[in-house]
Amino acid sequence: VVGTQAYHYPSKEAEQKKGFHPFGAALNEPVAKINSGDFRVLSAVYSAGSLWATLGTEITDDNGDQQMGAAYFAFRPRIEDGKLSARVVTQGVVSETGANLLRPAIAVNAENRGAMVFTLVGSNDFPSSAFVPIRAGTAGPIQISRAGNEPEDGFTGYRAFGSNGTARWGDYSAAAVDADGSIWMATEYTPDLPRTLFANWSTYITRYRP
């Protein structure tokens, strides 16, 4: 057991920017909220002697509102005399006032450089693909790799299909290191592309060279 920074289970669902939602409008239903997830570890990677992991955590933003942030941890494990132990190398929480960061995933290369990807969504943002660079054990500023164009408008968010008005979210994010040290990341967002009858989300893939 290794002590870490505190993290908090989500107490509310994530709001998303209001906008064109033809499927919901046809059902006479408002734009849905998005499921905030839980605090399971959603990704883990071992690199250069450190084990990196991510999970979602509720935070209080600068406006005093409860939002979801993306927590990350790096542990340095060791085995001595047949006993496993570990210490925290670095840890932190990435957040954005007025927005939620959902389903974080991390990858770090042999030079301890990498990135953490997530969906960014809030009352001023459609679900978007975003990430932060990881360098020297700390997370850089949030970068939007592909902004969303409309709200989530799938059947899982509508009461006509048995929902409580909260849409499922999480064909979970993923991140991996390529042989050249670059980082490949994938996460869910809502584009202005042709949709299926019951859903309008897509997966955006980002290549980042730290």
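**A strand pairing, a sheet and a surface patch**

Trainee: Which residue stands opposite Met185 in strand 13?
Mentor: In this predicted model, Ala175 is the residue that stands opposite Met185 in strand 13.

Trainee: And how do strand 12 and strand 13 pair?
Mentor: Strand 12, which covers residues 174-177, and strand 13, which covers residues 183-189, pair in the antiparallel sense over four bridges. The hairpin of these two strands has five residues between them, and there Gly181 takes a positive phi near 90°.

Trainee: Switching to the open sheet, what is the order of its four strands?
Mentor: The order is 2-3-4-5, and the pairing is antiparallel. Strand 2 (43-47) and strand 5 (83-94) are the edge strands, each of them pairing on one side only. From one strand to the next, the twist averages 30°.

Trainee: Over how many bridges do strand 3 and strand 4 pair?
Mentor: Strand 3 (residues 50-60) and strand 4 (residues 66-80) pair over ten bridges in the antiparallel sense, and Leu51 stands opposite Phe75 in strand 4.

Trainee: New topic: which residues form the nonpolar patch on the surface?
Mentor: The patch is formed by Phe155, Phe161, Leu197 and Phe198, which together have about 400 Å² of accessible area.

Trainee: Where is Phe161 found?
Mentor: Phe161 lies in the loop between strand 10 (143-146) and strand 11 (166-167).

Trainee: Why does Phe161 count as partly exposed?
Mentor: Phe161 counts as partly exposed because its relative accessibility is 41%, and that class lies between the cut-offs of under 20% for buried and over 50% for exposed.

Conventions:
Residues numbered from 1 in each chain as written. Predicted model: local features only at pLDDT ≥ 70, side-chain atom pairs only at ≥ 80, totals over all residues. Heavy atoms only, no water. Patch = residues over 30% accessible without salt bridge, like charges linked within 9 Å, V, L, I, M, F, W, Y side chains within 5 Å. Areas by Shrake-Rupley, 256 points an atom, 1.4 Å probe, with all protein chains shown as cover. Salt bridge = Lys/Arg side-chain N within 4 Å of Asp/Glu carboxyl O. Buried < 20%, exposed > 50% of the residue type's maximum accessible area, 1.4 Å probe, protein only. Pairing = 2+ DSSP bridges. Axes fitted to C-alpha atoms, helices over the stretch in contact; angles between N-to-C directions.
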